[in-house]
Amino acid sequence: LKTYKVGYAPQGNILWKELSSNGYAQELLQEVNLISFGQYGPFDIFQGRIMFPFLDNQGNVVGYTGRILQIRDGVAKYSNTKDTPLFNKGSFLFGLYQARQAIGQSGFAYLVEGQFDVMSLAAVGVTNAVASSGTALTEAQVKLLSKYTREVVLNYDGDVAGQKACRKTAAMMLRFGLEVKCILLPSGKDPDDIAKEKGAETAIFL
């Protein structure tokens, strides 16, 4: 949790109250998509969510994915920071800042789908994984990853959708001249499941 700077956004417009009392302007907070303005005034965009921050190459937080804790009708399970002067989700990979040294040492990167996959793998010693955060990989993300390695191992979910995404991602990466390998996980399994089942033996299994 410390390594990936995971946090929690509580209910009740706590962020707005805290930041405004410390002198942050409403316009600035709106510009970076932390606060919005409604009928009853400013309110926190992220509430009741586990917060996974995206970091730039200096380690600064520039955007978020927030996962809701209590599923409710009409409320998205995941919510992302919208495009801001600092952040565009299609241009960042979750965990890349934390994984950059391990990628350099191992000579390759695992690409997974979600934040929990990255964190579960890291917890059992596989620290060279990054995530596209559940969305189709973009060319900008491929170019970003190619700055750190020329070899990528795709480790997507073992369902039909995951394997379809794996083939599409592999084709894109090959067009950029990357060396690509794919791991075929058992049906219904994802990297998070494998890390929990295999523990310290996960690296050998992969």
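Which residues does Tyr4 touch, not counting residues up to four places away in sequence? Before I answer, please keep in mind that this is a predicted model, in which local features need pLDDT of at least 70, side-chain atom pairs count only at pLDDT 80 or more, and totals for chains, interfaces and linings use all residues. Residues are numbered from 1 along each chain as its sequence is written, and side-chain values use heavy atoms, with hydrogens and water left out.

With contact meaning heavy atoms within 4.5 Å, Tyr4 touches Pro53, Phe94, Gly95, Gln98, Val118, Met119 and Ala122.

Tyr4 also belongs to one aromatic cluster, together with Phe52, Phe54, Phe87, Phe92, Phe94 and Phe116. Rings of Phe, Tyr and Trp (its six-membered ring) pair if their centres lie within 6.5 Å, and planes under 30 degrees apart count as stacked, over 60 as edge-to-face and the rest as tilted. The structure holds eight aromatic pairs, and one of them, Phe52 with Phe116, is edge-to-face, at 5.3 Å centre to centre and 80° between the planes. Because Phe52 lies in strand E4 (residues 49–55) and Phe116 in helix H4 (residues 115–123), this pair ties together parts that are 64 residues apart in sequence; helices (H or I, at least four residues) and strands (E, at least two) are DSSP runs, numbered from the N terminus.

Let me close with ring faces: a charge sits over a ring if NZ of Lys or CZ of Arg is within 6 Å of the ring centre and within 35 degrees of the ring normal, and here Arg100 lies over the face of Tyr97, at 3.9 Å from the ring centre.
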